[in-house]
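Here are a few notes from my read-through, as numbered points. Have the structure open while you go through them.

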Amino acid sequence: MAPPRNVVKIAIKMRDAIPQLIQLDQAKPLAAVLKEVCDAWSLTHSERYALQFADGHRRYITENNRAEIKNGSILCLSTAPVVCYVNMNLMDASVPPLALGLLESVTLSSPALGQLVKSEVPLDRLLVHLQVMNQQLQTKAMALLTALLQGASPVERKHMLDYLWQRNLRQFIYKNIIHSAAPMGDEMAHHLYVLQALMLGLLEPRMRTPLDPYSQEQREQLQVLRQAAFEVEGESSGAGLSADRRRSLCAREFRKLGFSNSNPAQDLERVPPGLLALDNMLYFSRNAPSAYSRFVLENSSREDKHECPFARGSIQLTVLLCELLRVGEPCSETAQDFSPMFFGQDQSFHELFCVGIQLLNKTWKEMRATQEDFDKVMQVVREQLARTLALKPTSLELFRTKVNALTYGEVLRLRQTERLHQEGTLAPPILELREKLKPELMGLIRQQRLLRLCEGTLFRKISSRRRQDKLWFCCLSPNHKLLQYGDMEEGASPPTLESLPEQLPVADMRALLTGKDCPHVREKGSGKQNKDLYELAFSISYDRGEEEAYLNFIAPSKREFYLWTDGLSALLGSPMGSEQTRLDLEQLLTMETKLRLLELENVPIPERPPPVPPPPTNFNFCYDCSIAEP
């Protein structure tokens with residue numbers, strides 16, 4: 001018996017033949033239609049054999065047999081002797097996948113035939129084929145399953161998916177297909193992508209439905225959300241209050257919860273996300289009550305401009321997740337980018353929201369954001385979620401770990417690295433050029449810092465009572481050998497070098513101290529009021545006879561702090577390691593590199609230098625210029 005021809009060719013023939021057959025008589029049973037398809041295609045004996053759908057009562061079909069669908073199988077009814085399928089060992093592995101592939105083509109080619117296949121092929125039988133440890137059979141069974149789901153109505157699809165989930169299909173896919181020892185094929189990856197898209201597509205009706213302000217059920221859900229955050233269990237904050245007072249209290253608590261309007265229904269009228277955002281908030285409050293209360297109460301205690309709005313953030317995060325996961329979009333015919341963690345547990349979308357809303361609060365604090373920075377924070381959260389989803393973590397816990405490790409600072413670093421890659425500045429020759437330019441540019445930065453010290457700065461004195469009413473001026477002499485300083489009145493013009501009474505030779509300077517190491521802030525305590533003082537304080541230790549003395553400074557700004565500490569470090573021969581120096585060096589390196597490479601625009605720069613050719617076999621090629629030519 002010759003092996004069956006490629007099932008793809010058969011599927012192409014089926015797409016051509018099925019419409020004409022349906023136009024003839026739509027009332028025909030599937031068996032008769034399949035028989036006409038066989039005749040229309042002029043199928044060989046082995047191709048007809050491939051039409052058999054095996055389910056334990058498998059038989060092979062001869063040219064004279066008539067096929068009848070019964071309980072998901074094609075049983076052979078013929079007056080001729082029936083040959084047992086067990087005797088056909090050569091076809092045992094190839095027939096079931098081809099049969100499933102043909103039924104998938106039938107389902108995708110015609111809605112009418114798809115309903116017939118659905119009515120005759122029970123889902124339990126497909127689950128049996130999925131549990132067989134045969135990758136090809138699993139792939140074809142999954143293909144037929146996704147075809148049946150795609151052809152079903154939204155209501156039928158929901159019932160089918162609920163039934164499949166009850167039969168532990170998700171757990172089986174997660175354990176035996178995703179975590180299988182054998183590598184997953186591209187076709188199976190595509191079918192899992194389709195299954196994930198259909199599963200997420202069940203959320204679309206809620207996403208497209210706005211909140212109904214006249215719905216008693218939805219109003220009660222909003223009250224449950226509020227009470228979970230602000231009312232102690234067993235108590236009611238509105239007990240004994242008038243209706244107007246209770247209404248005012250609820251409106252204030254909804255504002256604390258993060259709704260933009262005192263009436264939360266107005267916030268949830270936007271579609272998307274519609275009621276899906278409310279579902280996510282309720283799921284978070286019920287399944288992570290401690291995290292929910294901590295989020296709301298923590299932000300309620302912050303200043304108004306620094307609080308992270310829970311409700312507004314939840315609504316925007318739901319929109320973001322729907323966009324990242326393409327909820328409601330049609331399935332691609334070639335995509336394979338499914339997320340394994342969606343098969344790792346139930347309610348995966350809501351669980352992902354719970355991780356995302358806590359990530360939003362964490363990123364908000366890292367960015368020290370205010371209400372005006374809300375859109376910027378959401379852009380960073382979007383990038384964090386998108387980058388982590390692209391890694392395809394296999395479980396929600398792994399996703400949580402990876403996304404929490406992707407801090408705001410790490411996102412900025414990745415953005416900078418990607419920008420440099422796009423500009424080609426990370427190529428080995430460019431990096432080598434940058435290293436050669438660094439000493440020259442660091443000398444330029446050092447020169448600028450010393451010039452700034454020569455210009456001088458007006459500092460404030462901190463007395464024991466923390467009064468800042470006295471001023472003093474300090475500058476570096478033009479020959480860089482003396483620090484000259486002295487008191488001055490507020491509003492007076494900068495003094496001349498000759499008018500400054502005090503001098504400190506640079507040769508007597510021993511070390512530069514900053515922050516809590518400075519003696520004038522060391523004993524001030526660690527309260528919040530001293531935080532700004534620590535960040536701007538620096539001191540110079542110097543020799544005064546046999547004793548060690550200190551010249552103490554409080555910089556007027558962070559930039560002045562960086563400039564003075566860099567300049568003093570340069571005078572002491574220490575490296576300039578401030579953040580301002582790093583930024584200035586990067587800016588100068590970028591500008592100088594672009595200027596050097598200006599003439600090489602659109603010219604590819606090789607990763608490695610060209611190889612040095614081997615030496616010649618001899619060096620008898622010297623030309624003697626003293627010999628005159630004839």
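1. Which side chains meet in a salt bridge at 3.0 Å, N to O? They belong to Glu592 and Arg596. Keep in mind that this is a predicted model. The two residues sit four apart in helix H26 (residues 579–596), so about one helical turn separates them. Glu592 is partly exposed at 24% relative accessible area, and Arg596 is partly exposed too, at 43%.

2. Arg510 and Asp543 make another salt bridge, with their closest N and O atoms 3.4 Å apart. Arg510 is in strand S7 (residues 509–514) and Asp543 in strand S8 (residues 537–544), so this pair ties together parts 33 residues apart in sequence. Both ends are partly exposed: Arg510 has a relative accessibility of 49%, and Asp543 has 37%.

3. Arg208 pairs with Glu204 in a salt bridge of 3.6 Å, N to O. Here Arg208 comes out partly exposed at 45%, and Glu204 partly exposed at 26%.

4. Worth a look is the network of salt bridges that links Glu383, Arg387, Arg415 and Glu418.

5. Now the largest pocket, with a volume of about 1000 Å³. It is lined by 35 residues, and Lys158, Met199, Leu200, Leu202 and Leu203 are the closest to its centre. Helix H8 (154–166) contributes the most to the lining, with eight residues. Other helices supplying at least two residues each include H10 (186–201) and H18 (348–367). By type, the lining splits into 17 nonpolar, nine polar and nine charged residues.

Terms used: Residues are numbered from 1 along each chain as its sequence is written. This is a predicted model: local features need pLDDT of at least 70, side-chain atom pairs count only at pLDDT 80 or more; totals for chains, interfaces and linings use all residues. Side-chain values use heavy atoms; hydrogens and water are left out. On a 1 Å grid over the protein atoms alone, a cavity is a set of points where a 1.4 Å probe fits but cannot get out, and a pocket is an open set with protein on both sides within 12 Å along at least five of seven lines; lining residues have an atom within 4 Å of a point. Grid points are joined across faces, edges and corners, and a volume is the space filled by probe spheres set on the points. Ala, Val, Leu, Ile, Met, Phe, Trp, Tyr, Cys and Pro count as nonpolar, Asp, Glu, Lys and Arg as charged, and the others, Gly among them, as polar. A salt bridge is a side-chain nitrogen of Lys or Arg within 4 Å of a carboxyl oxygen of Asp or Glu. Buried means under 20% relative accessible area, exposed over 50%, partly exposed in between (1.4 Å probe, protein chains only).
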